[in-house]
Amino acid sequence: MPPITFLGTGNFLVPERYWNSFVIDRRILVEPSPSALANLRRAGLDAKDLDAVVISHFHPDHTFGWPFLALELLHKGRVRPLHVIGPPGVAGFLAEMMHLGSIDSVQRDLHARIDVRYMEVDGTRQLAGGALVLQAFEVIHAPRLSCFGYVLEVGGTRIGYSGDSEPCSGLEQIAEGCDVLVLECAELHRTPTHMDVEAVADLSHRHPGLRILLTHLGDGVDKSIAKSGLEKVELPNDLDTVEVP
Ligand SMILES: [Zn+2]
Ligand SMILES: [Zn+2]
């Protein structure tokens with residue numbers, strides 16, 4: 001029964017929620033968002049315990065916390081292997097982030113002291129990183145950017161995650177293949193590139209038994225969803241831990 005701890009449940013517009021990020025079973029961090037490390041600490045979790053970091057796509061709200069996470073891992077004396085899973089080019093993208101921030105020395109130390117194992121997903125095969133088994137599905141979000149959602153198998157539970165996605169066949173496959181779905185809903189009204197309240201309702205009606213935990217919430221989405229009466233759709237807050245059977 002792996003718990004999911006939400007480090008952030010918003011997009012950048014919502015003052016009371018930080019950027020979308022969550023931790024499964026205290027050891028799998030999904031999305032090193034700009035606020036991930038700060039809220040990892042607030043949640044009483046330790047970066048040293050992480051086995052894997054999973055990235056859905058390279059937009060900054062999903063990735064720009066990486067340098068701080070790397071520094072924390074070094075500071076805590078982490079030595080065990082760390083799997084970093086993301087779209088093609090993930091190792092180069094994260095290295096470039098360090099370079100642009102003029103912290104190449106952190107990048108060198110990271111690889112000198114920690115066995116960082118990068119794994120690129122392509123949406124065609126199942127991957128295993130440590131105790132985590134996952135399948136990536138390409139989703140539609142931003143032009144010229146590889147964007148993925150996932151089904152992460154942890155302790156026998158299949159946790160789906162949409163990444164950022166508009167309604168698409170990849171997202172349907174994720175919904176069909178998971179026991180619980182962490183789903184983005186960035187928009188109140190229909191907009192390409194993201195889910196909106198109506199699209200969440202449609203998806204929930206197509207998968208009536210599926211428990212849905214919403215994240216990446218845009219302005220006003222929580223109130224609108226709360227009014228909609230969707231029984232299987234939940235609205236966790238930042239720092240909430242949800243037990244998933
Ligand atoms: Zn995005
Ligand atoms: Zn996003």
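The largest nonpolar core holds 63 residues, among which Ile24, Ile28, Leu152, Cys185, Val200 and Leu214 touch the most other members. Such a core is a set of buried Ala, Val, Leu, Ile, Met, Phe, Trp, Tyr and Cys residues joined through C-beta atoms within 7 Å. A residue is termed buried if 20 or more other C-beta atoms lie within 10 Å of its own, exposed if 12 or fewer, and partly exposed in between, the C-beta atoms being placed from the backbone. Strand β9 (residues 148-154) supplies the largest share of this core, five residues. In soluble globular proteins, nonpolar side chains tend to be buried together.

The model is predicted: local features need pLDDT of at least 70 and side-chain atom pairs count only at pLDDT 80 or more, while totals for chains, interfaces and linings use all residues. Residues are numbered from 1 along each chain as its sequence is written, and chains are lettered from A and ligands numbered from 1 in the order in which they are written.

Apart from residues up to four places away in sequence, Cys185 touches Met195, Asp196, Val197, Val200, Leu214, His216, Leu217 and Val221; contact here requires C-beta atoms, placed from the backbone, to lie within 7 Å. His216, one of these partners, is located in the loop between β12 (211-215) and α8 (221-228). Its phi is near 55°, a positive value in a residue other than glycine. Because 29 C-beta neighbours fall inside 10 Å, His216 counts as buried.

A positive phi near 55° in a residue other than glycine is also found at Asp25. Asp25 occupies the loop between β2 (21-24) and β3 (28-30), and it counts as buried because it has 20 C-beta neighbours inside 10 Å.

Helices (H or I, at least four residues) and strands (E, at least two) are DSSP runs numbered from the N terminus, and two strands are taken to pair if DSSP finds at least two bridges between them. One open sheet comprises seven strands with mixed pairing, in the order β7-β8-β9-β10-β11-β12-β13. Its edge strands, β7 (126-129) and β13 (233-234), each pair on one side only. β7 runs antiparallel to strand β8 (residues 132-138), to which it is joined by four bridges, and Ala128 stands opposite Val133 in β8. Two residues lie between the strands in the hairpin of β7 and β8, where Gly130 takes a positive phi near 65°.

Further along this sheet, β9 and β10 pair in the antiparallel sense over five bridges, with Val154 having Thr157 in β10 as its bridge partner. The hairpin of β9 and β10 has two residues between the strands, and Gly155 there takes a positive phi near 55°. Strand β10 (residues 157-161) pairs with strand β11 (residues 180-184) in the parallel sense, over three bridges. Within that pairing, Ile159 is opposite Val180 in β11.

Strands β4 (residues 52-54) and β5 (residues 82-86) run parallel and are joined by three bridges; Val53 has Val84 in β5 as its bridge partner.

Two packed helices are described by the angle between their axes and the distance between the axes. Helix α4 (residues 90-100) packs against helix α5 (residues 104-113) at an angle of about 140°, with the axes 7 Å apart. The axes are lines fitted to C-alpha atoms, for helices over the stretch in contact, and angles run from 0 to 180 degrees between N-to-C directions. α4 and α5 are therefore oblique to each other, since angles under 35 degrees count as roughly parallel, over 145 as roughly antiparallel, 65 to 115 as roughly perpendicular and the rest as oblique. In this contact, Ala95, Met98 and His99 of α4 meet Asp104, Val106 and Gln107 of α5. The contact residues divide into three nonpolar, two polar and one charged; Ala, Val, Leu, Ile, Met, Phe, Trp, Tyr, Cys and Pro count as nonpolar, Asp, Glu, Lys and Arg as charged, and the others, Gly among them, as polar.

Gln173 belongs to helix α6 (residues 169-176) and counts as partly exposed because it has 18 C-beta neighbours inside 10 Å. The C-alpha atoms of Gln173 and Leu94 are separated by 28 Å, the two residues being 79 residues apart along the chain.

How values were computed. Two residues are in contact if their C-beta atoms, placed from the backbone, lie within 7 Å.
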